[in-house]
Amino acid sequence: MSEQDFHPRIVAFCCNWCSYAGADLAGVSRLQMPTDFQVIRVMCSARVAPEWIIKTLSAGIDGVMVLGCHIGDCHYIAGNHRAAKRFALLKEMLGFVGIHPDRLRVDWVSASEGTKFQTIVTEFVERVRELGPTREFVTAHRRLDTD
Amino acid sequence: MNTPEVEIRERVRQLLDDDRLPGVLGLRAEHGHVGPHVFNSADDLTALVLEPRYGMALVCQAILDGSPKGRLGVVARGCDERALIEMAKLGQVDLARLVLIGLACSEQQARECMCTRPYPRRIDVGEKVAGVAPGDDARVQQLLAQDVQARLAFWQSEFNRCIKCYGCRNVCPVCICDACVLEEMCWVERGKIPPELPFHLIRAYHIADKCILCGACESACPVDIPLTTLYALSQARLKELFDYEPGLDVTQKSPLTTTLEETPLHEL
Amino acid sequence: MEQTRIGVFVCHCGSNIGGVVDVPAVVEYARALPNVVYAERNLYSCSEAGLSSLKQGIRAQRLNRVIVAACTPRTHEPLFKNACEEAGLNRYLFEFVNIREHCSWIHRKDKEQATEKAKRLIRMGVAKASLLEPQEETESNVIPAVLVIGGGIAGMTAALNLARQGFRAHLVEKQARLGGWLPHINRLCPTDEEAARLIDSVIREAQAHERIILHMPATVQEVSGYIGNFHVTVAEKEGKCTFDVGTIIVATGAEVLQPLGLYGYGRFPNVITQLELEERLRPPPSPSPVNDGGGKRWESTVFINCVGARIPERPYCSRVCCMTSLKNAIRLKKQNPAAQVYVLHRDLMTYGVEFERYYRRAMEAGVRFLRYDIERPPQVVGNGRAEAVVVWDTLRGQERRLPVDAVVLNAPLIPASDNATLSRLLKVPLAESGFFLEAHVKLRPVEFATDGVYVCGTARWPADVSESIAQAYAASAKAAIPMRAGAVTAEAITAFSVPERCMGCGTCVVTCPYQAIELRIANGGHVLSGTEGLQKQVAWVNVVQCKGCGSCVAACPSKAMQQRGFTDQQVLEMISVISGL
């Protein structure tokens with residue numbers, strides 16, 4: 001599959017108070033972006049379970065974003081602190097088992113940062129396109145069990 | 001100079017007779033078989049042995065849970081103590097009910113387990129040895145030298161042998177959940193052998209802030225998956241990112257549960 | 001078990017969605033999704049007709065789950081949830097799918113892909129909706145008291161409005177006197193009344209009112225809690241003071257930019273700011289009008305507008321400066337009809353009825369207007385003092401040299417320097433400009449997304465006195481709603497623990513930012529984990545304290561802990577329907 005034909009499947013977990021609002025602002029400002037991502041709303045980036053990321057990247061989704069409030073600005077005081085730490089560790093573990101850590105991007109987007117949302121989403125889609133589909137290694141794994 | 005075995009027997013006798021402890025958990029040899037046993041009389045102590053290595057933490061928990069009060073002695077190696085400390089952090093054992101006899105491991109034992117800390121905090125019997133340096137594990141070094149693709153291929157071939165016996169989970173002292181997510185359909189599909197990556201990676205993540213590298217999981221695995229290779233790497237990162245080591249201090253909370261002020265995140 | 005019957009309502013939003021996304025195709029697609037029994041499209045789902053159609057659809061099709069695919073839930077989710085309730089459906093059986101801000105508006109160039117994405121988003125919404133459960137909301141009380149931060153015209157107006165209605169108002173002002181900027185202002189336009197007269201009466205009333213508790217000078221140190229029950233700590237001269245309120249109003253105002261280095265300000269003594277001119281124009285004991293201390297009356301004055309405003313570093317318009325220029329230009333002309341008074345402007349923001357009329361008055365009074373461009377700003381030249389202003393007159397297409405006795409710089413209002421601190425204390429956001437960010441610029445202009453916290457006056461954007469007063473009335477009216485009702489219902493997105501799965505590890509307890517979780521002995525008789533005779537501790541969530549962040553759920557290893565409306569099963573299902581495997 002050529003890079004052009006590859007439409008990566010990407011999920012972006014956005015927190016209600018900051019990054020989801022930032023994504024809305026990007027929409028209001030009509031900032032254009034690639035179509036290859038879907039936003040899933042959560043109340044706080046702390047809700048994003050690392051187990052979701054593990055399942056997501058093992059299930060054929062090619063890239064995951066976790067976007068929360070800037071450190072210090074979390075609506076729930078320090079939810080994003082937990083998110084920062086959990087995903088710092090998870091990223092390392094993904095690298096150890098052979099899932100490229102760049103497939104997980106954790107970033108902070110405030111309610112007024114529509115442009116930043118556009119920039120990082122566009123960047124991430126491009127990066128995931130470079131990395132290629134996860135489908136290949138998931139199905140390769142399955143193929144082994146029929147041998 | 002007494003052997004460690006003799007010294008331990010003496011210690012256990014002291015706890016039973018002088019301190020009136022109702023029982024001490026240790027290993028007993030009978031008819032050529034060795035298994036955990038609660039010694040409650042000094043008369044039985046000639047059967048007490050120290051080998052082979054056997055994880056005591058889960059047995060401690062079972063015994064403590066079985067009686068609502070009362071104290072228990074236990075012959076504990078470094079890994080046993082660290083496991084008990086982690087289990088105490090998770091509300092699964094009450095350390096106040098335990099009296100530990102600290103047993104240090106030999107150089108050879110440390111090498112067998114690739115252990116970096118083959119001694120408890122207080123050593124009652126045995127000589128402290130330095131243990132294996134983190135960089136000595138050849139398998140870990142090999143994995144680190146590989147790129148992402150090669151690592152994927154490595155783990156695919158290893159995990160491919162998994163028969164989902166749950167041995168790794170069952171024997172692990174810090175895997176405390178009776179209702180385990182690895183048995184839930186939404187997390188791990190039922191009836192698939194070998195199970196997919198989430199089976200291994202979810203457990204690895206769950207224990208990442210708790211694992212004391214006792215190696216019981218790898219010993220238990222019937223198909224020899226090198227689990228401690230992955231867990232040793234996670235532990236190394238845990239230390240680098242948060243300056244945190246499980247099992248050393250029961251008052252220390254996991255960095256994944258605290259704020260950045262309480263436990264900062266260091267850049268790698 | 002009742003069969004799931006999902007209805008999908010796709011909104012065109014005029015051409016906002018319909019112009020990019022193929023809505024009929026999306027409806028067709030939705031109809032075929034699992035558990036969907038009905039799908040329709042609406043021109044404007046939020047209109048009377050759209051809502052009516054929604055309610056009718058629920059009843060006629062016996063729907064037990066509803067999806068609206070339209071704009072962002074941050075605008076209209078309450079509207080649709082209410083409509084569901086009116087049609088007899090629990091409001092938590094409703095799911096909003098964003099196909100406007102997150103789809104049609106950001107993928108205008110690729111209609112085909114945008115349509116495919118809209119289908120995917122709806123497919124995810126349907127997957128989640130299938131797993132939604134009805135929920136009941138819990139009530140918590142509201143203390144009938146407000147904290148107003150800022151004692152300017154906006155803050156005092158808001159405090160008085162609420163005090164008159166019978167609520168207690170804690171008014172916290174960081175300076176040693178009330179009034180904000182108005183005591184520094186000479187006259188107000190377009191009425192030309194003296195600012196002092198207006199502000200003095202308000203100050204007197206605020207100080208005298210029995211239900212206004214004044215903390216001055218004082219600053220807010222700590223705020224904890226939530227709507228209905230905020231616990232506030234204020235630092236005053238005598239030490240710390242704590243009190244509880246039900247609502248908070250931010251009226252902290254703005255500061256004025258000091259244009260150091262611009263147009264000779266700071267270098268030439270006769271280059272002053274508009275604010276400094278106001279001080280000079282005020283009646284005694286201020287220095288005598290238009291007297292720069294040298295005994296010379298100003299024969300020629302040049303006002304320069306947009307000083308440090310509407311530039312890349314500060315792109316916004318400060319709204320009030322053009323009118324201030326006109327007001328003071330007219331004033332100078334009145335005092336010395338022979339004087340040359342120029343207003344150098346880029347654009348003139350004299351909107352509405354009164355302001356346009358005022359502009360004409362200025363022209364009639366002989367004030368001269370000259371338009372300059374941002375690329376060729378005026379130059380203030382002189383030796384030791386400003387002697388002339390050289391400017392390219394864009395309308396005449398020639399350079400002009402205007403001799404001056406004084407140059408007055410119109411600098412913008414800028415965000416107050418402690419906005420960032422306050423934003424963190426109250427957990428309310430700042431816009432990119434640094435002013436406070438309201439929940440929605442059109443639909444919710446005087447409140448924050450955080451329940452129970454409101455904003456008015458120049459703390460939000462530059463505003464003039466009448467706008468600040470109007471906003472203060474608006475913010476205080478909104479604050480009165482929960483306080484009058486006496487209770488608020490918390491959204492049922494709280495966490496809950498399934499005791500059979502809980503091991504009492506306490507990880508959730510540590511993770512919760514609100515101490516809303518505790519370990520309790522399991523229900524009597526219910527034995528866990530085969531521990532005969534032993535009582536196991538399990539997690540218990542206080543749903544009034546729980547704010548629904550979900551951190552505990554992510555932390556729980558056995559997933560005994562779940563969050564209503566955001567369960568693991570729901571999210572995993574959403575992901576599986578788009579994973580393509």
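Tutor: Domain bounds here come from an automatic or database domain assignment. For chain B that assignment gives domain 1 (4–132) and domain 2 (135–257), and their centres, taken over C-alpha atoms, are separated by 25 Å. This is a predicted model, in which local features need pLDDT of at least 70, side-chain atom pairs count only at pLDDT 80 or more, and totals for chains, interfaces and linings use all residues. Residues are numbered from 1 along each chain as its sequence is written.

Student: How many residues of domain 1 of chain B are in contact with domain 2 of chain B?

Tutor: Counting heavy atoms within 4.5 Å as contact, 19 residues of domain 1 of chain B touch 24 residues of domain 2 of chain B.

Student: And how much area do the two bury between them?

Tutor: Buried area is the accessible area (1.4 Å probe) that two parts lose on being put together, summed over both. For these two domains of chain B it is about 1,700 Å², with 61% on carbon and sulfur atoms. On the domain 1 side, B:Arg82, B:Glu86 and B:Lys89 supply 29% of the area buried against domain 2 of chain B, more than any other three residues.

Student: Switching topic, how many salt bridges does the rule find across that interface?

Tutor: The rule, a side-chain nitrogen of Lys or Arg within 4 Å of a carboxyl oxygen of Asp or Glu, finds one between domain 1 and domain 2 of chain B.

Student: Which side chain does B:Arg117 meet in a salt bridge?

Tutor: B:Arg117 pairs with B:Glu245, at 3.0 Å from N to O.

Definitions and conventions. Chains are lettered from A and ligands numbered from 1 in the order in which they are written. Side-chain values use heavy atoms; hydrogens and water are left out.
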